[in-house]
Amino acid sequence: MKITVDEVKCCGAGQCVLIAPEVFDQRDEDGIVILLEPEPGEDQHALVREAAAVCPAAAIEVSDQA
Amino acid sequence: MTTDEQVLTYPIPSDAALEPPAEWAELRGKCPVAHVKLLSGDQATLLTRYDDVKEVLADPRFTRQLTAPDAARISADGEGVFSSEMASIIPDGGEEHLHWRRLVGKWFTAKRMSALRPAMTEMAEQLIDDMVERGQPGDLKASLGFPLPVYVICDMLGVPAEDRDRFSYWSDTLLNLTRYRKEEIEAAQAAFFQYMSDHIAAKREQPGEDILSELIAAGSPEEGGLSDIQLIVTGMGLLVAGHETTANMIGKMVVMLLADRTRWQRLVADPSLIRTAVEESLRFDANSGFGLPRYLNEETEVSGTILPRGTTVICSMAAANRDEDAFEAAAEMDLTRSPNPHLAFGSGAHSCLGQALARTELQVVLEVLLRKLPTLELAVPVEELERVEGLAVGGLRTVPVRW
């Protein structure tokens, strides 16, 4: 799994951080997403997919790779 | 549709406290872009499908300029939260909005809200103890649902919680679409503006550990901060937004979970479902209020219908959240639903700034209630619960409970 985030689209809702705090964080200075772990371990995949699906700004992209 | 046809009145009247009006399913199926008549008599266009509502809320062509001369007036006399001058002082779009959003939003990050958890938990425990001490049945709305978010937002803004009755009144005059006369609303807004203006002047003299002091410290607009009037309106906006919304949602969430007590029992047995249960309560809330109005500055198309420039569009997030095309078994409350991309907080660049706060409050309240009052039950049949009338944010008048 490979994650990319779009900082321009991000509206700082914080849903991703509430769902997958080991993968996502928010910058203190403006609340914009920080990707802590672009290629997270398998135990995080379900949470990451959920975070991407509910992001109100559609700012998280998840791609599967071998 | 011709203009002679009977036009639906909006908000759609609904008697049942928890049930969605039958019109929603009909509109989503047959008339997803519907003409409606508002309380003012003005016409607007109602959207009820998930895809349409989600897309429009995130589309900058649908503006929040409800003060435009040809925009539909939302409330009976055209006053209130959507059309007040207040709304136009916070930048609506583009770089300026982004700047405001980030400047204020940084104080509402998930991490900051999580840090408030212990204090919120303590507050919820205290409020529940007080309710229990007063004896049953108790009103969960007045005892817990209302005070908790009010104390939290007052603390965040550094305003004294003792003034909460005044805030409640000012907030209600802004959010109630039918209850107040124009003069009452204007007088309340002027008093609220003066209060916040004095409060900010005092914070300027003597800064505290609160968001407004931090926003003042960010400096003038030239220095990257906000102007005086923007500070005042931001403070007013946050206070109003932090009041009725979560306060009403706490009551509605608990009622939805107790209306079918197997839901409550399931959560008592497995509190790890709290997070998804909160999200499902937000999605399932059929009494979430007016929805979000938008104003079109240019001709646009939605679901194959051309909307002319000057159209006022009403997005019903609650109707969209029951769309079977977006949610499997949308009419069922599923406490494990995941993912749950509901639209209760809107969508896109303007989606609720305080959503991490609201989520944290809802999760904390539910966690503490399940732990302290596992035997909680409604003290009246669901049919006897009454909706608050005319509020832009839907709620129940009281939430009578036993334990």
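**Backbone exceptions and the A–B contact**

B:Pro339 is located in the loop between α16 (317-320) and α17 of chain B. In this predicted model, the peptide bond leading from B:Ser338 into B:Pro339 is cis, and its omega is near 0°. A cis peptide bond also joins B:Tyr10 and B:Pro11, with omega about 0°. B:Pro11 belongs to the loop between β1 (8-9) and α1 (23-30) of chain B.

Most peptide bonds are trans, and most residues other than glycine have a negative phi. The loop between α16 and α17 of chain B also holds B:Ala329, a non-glycine residue whose phi is positive, at about 45°. B:Ala329 counts as exposed because it has 9 C-beta neighbours inside 10 Å, the cut-off for this class being 12 or fewer. A positive phi, of about 50°, is likewise found at B:Ser303, which is not a glycine. B:Ser303 sits in the loop between β7 (300-302) and β8 (305-307) of chain B. With 13 C-beta neighbours inside 10 Å, B:Ser303 is classed as partly exposed.

The contact between the chains draws 18 residues from chain A and 20 residues from chain B. On the side of chain B that touches chain A, the elements giving two or more residues are α4 (94-105), α5 (110-115) and α17 (355-372). By class, this side of chain B comprises 9 polar, 6 nonpolar and 5 charged residues.

Note on methods:
Residues are numbered from 1 along each chain as its sequence is written. Chains are lettered from A and ligands numbered from 1 in the order in which they are written. This is a predicted model: local features need pLDDT of at least 70, side-chain atom pairs count only at pLDDT 80 or more; totals for chains, interfaces and linings use all residues. Two residues are in contact if their C-beta atoms, placed from the backbone, lie within 7 Å. Helices (H or I, at least four residues) and strands (E, at least two) are DSSP runs, numbered from the N terminus. Ala, Val, Leu, Ile, Met, Phe, Trp, Tyr, Cys and Pro count as nonpolar, Asp, Glu, Lys and Arg as charged, and the others, Gly among them, as polar. A residue is buried if 20 or more other C-beta atoms lie within 10 Å of its own, exposed if 12 or fewer, and partly exposed in between; C-beta atoms are placed from the backbone.
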